[in-house]
Amino acid sequence: MTNRKVNSVLKYIFILICAFISVFPFIWMLIECTNSSADILAGKMSIGNQFMVNWHNAFSQTNLIGDFWNSLKIATGVTVLSIIVASLAAYGFQIYRSRGKNWVYSIFIASMMIPFSVLMIPLYRMVSKLGLINTAWAVILPSITSVFLVFFFHQSLETFPIDTIESARIDGAREFRIFWSIVLPQLRSTFAAAAIYSFMGAWNNYMWPLIVLQSDDQKTLPLLISGLSANTNFSIDYGVIMILIIISTIPIFLIFLFLQKYFVQGMTGANKG
Amino acid sequence: MNGVNEKTNRIGWWFIGLSIVGFAAFMIYPIVSSVKLVFSSLSGDSSTFVGFGNFVRLFHDTTFWSSLGNSFLFLIVEVPIMLLFAIILAVVLNSKTLKLRGFWRLLIFLPCVTSLVSYSILFKMLFSADGLINKFLENIHLISAPIPWLTDPTMAKIVIILALLWRWTGYNMIFFLAGLQNVSDEIYEAAEIDGASKIQQFMHITLPALRPIILFTAVQSTISTLQLFDEPMNITNGGPNNSSTTIAMYIYNVSFKYVPNFGYAAAMSYVVMFIILVLSVIQMKVANKDD
């Protein structure tokens, strides 16, 4: 009995420490966005009165609104397009199986092992030949066909009742109509999970935008934050950086908070296999 | 399902069409053109055929080897610790006797909502010479002088590993937690009756049940750690003196930061691809060995 009690106490101590470590940088960030840059550097750990100053500086000293819009435009574009392409493809691979399609699907899956650095240079040359450097399309186009998303939808379609599709066929429904009005509504949580995954990835993408978005008015939030804190020409305003990091985190935080249920469901579905 | 008739087979291709166009343009085409790159010396628009010259050069490039070494160090040290912690956390969060499970789960997953750049900058600030971590350690008298976290070659790597652990443990935990939902409680109850200890239950029930997910997360983590870029770029910028430069960073530098040499960078990326292929195959072989 006492053994069990010790176990239980240990369990809570463990989870408490882990939770504290997870949350601490967030608390720190929220405290420091109210302090001046000098106070942040001095390690002040109490709430100050500089929030409005930092907030104002973040908007007046950086291209925050423009860069937020660039990030939003790219992330939304990638999410919508990649989900359409991947869900259609997964449906095609899963429901209309044939030797040729299985073969193509295997090539898709194998390509997940190819590191981005192999594609990076040819993609860069291609994008610049097309005149797309410094445009949102340079980031959106290469992300439209996401093999991982195809795999993700493919997995969740594995358990889809084929009978429903077949009886709709007997009723004379066209193939695309079946996909649109019968299959789609039933995969709602898969779509939500895929949307979160896709949006997060595009919103946080750093390396490829760093390569193709070079002009200041095209930058995304990660590029803005990274550029400001790597600045060596003049002193860095850490209060402003805190505001920027908070603003760039909020959309993902909200999406996750509201769609958490679907996210975990979708993940579980993808793993059941 | 081999017997789909020709008409349905054709309709199927229509569904797949868009993805094949995208795949051909942004995956197949770049790969094919990279093959030519690997054997040439290309900067700007002038390209000369150099055969295996890029690979010969690679052998004598000490920065290439040290960058590759750093990537491997992150892989070997960080990934096992992270996966172990992720499994333990998943088991604890899955236990029926734990109160407020949803709440704890949310807190543990919270680091995943930060962008890689944002959290890297936060870690850089926390671990700077006059940053909060040093202040705290000094205040509790654990150290008498600030630790040069970001300017010492070993410490810089440790900070990156700590940052990676903070950001990615909760992410992997979700996969294990999902996997544990498929293990029925009855197995544990039976083991309990047979007098198996918690540790024995973990070793003989939990771990084998999670094996496919351990394989999945290990392969994923291997592939992504060998491509590690955002964190070292923003926490240490590869410093001091390239001591925390990863292979992905070095390839980026050779392509876009130094005098660009696309052919040489492409050759290095092929080495990384080869390593990923070999490691993935080994991991799958090991995982399927006892079946």
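**Around one serine**

Me: In this predicted model, which residues does B:Ser120 touch, not counting residues up to four places away in sequence?
Reply: Contact here means heavy atoms within 4.5 Å, and residues up to four places away in sequence are not counted. What remains is B:Asp230, B:Glu231, B:Asn234 and B:Ile235.

Me: Is B:Ser120 buried or exposed?
Reply: The place of B:Ser120 is in helix H5 of chain B, which covers residues 116-126. A residue counts as buried when its relative accessible area is under 20%, and because the value for B:Ser120 is 0%, this residue is buried.

Me: How far apart are the end C-alpha atoms of residues 262-282 of chain B?
Reply: The UniProt annotation "transmembrane region", from an unreviewed entry, covers residues 262-282 of chain B among its spans. Over these residues the chain is 100% helix and 0% strand, and the end C-alpha atoms lie apart by 30 Å.

Me: What span should helix H11 of chain A have at 1.5 Å a residue?
Reply: Helix H11 of chain A, residues 188-204, has 17 residues, of which 13 are buried.

Me: How many salt bridges are counted between chain A and chain B?
Reply: The two chains bury about 7,900 Å² between them, with 79% of it on carbon and sulfur atoms. The rule finds 10 residue pairs in polar contact across this interface, both residues at pLDDT 80 or more, whereas the count of salt bridges is zero.

Conventions. Residues numbered from 1 in each chain as written. Chains lettered and ligands numbered in written order. Predicted model: local features only at pLDDT ≥ 70, side-chain atom pairs only at ≥ 80, totals over all residues. Heavy atoms only, no water. UniProt positions renumbered as here; feature names shortened; annotations may be inferred. Helix = DSSP H or I, 4+ residues; strand = E, 2+ residues; numbered from the N terminus. Buried < 20%, exposed > 50% of the residue type's maximum accessible area, 1.4 Å probe, protein only. Expected span 1.5 Å × (residues − 1). Buried area = accessible area lost by both parts, 1.4 Å probe. Salt bridge = Lys/Arg side-chain N within 4 Å of Asp/Glu carboxyl O. Polar contact = N/O pair within 3.5 Å; in protein donor to acceptor, adjacent residues only side chain to side chain.
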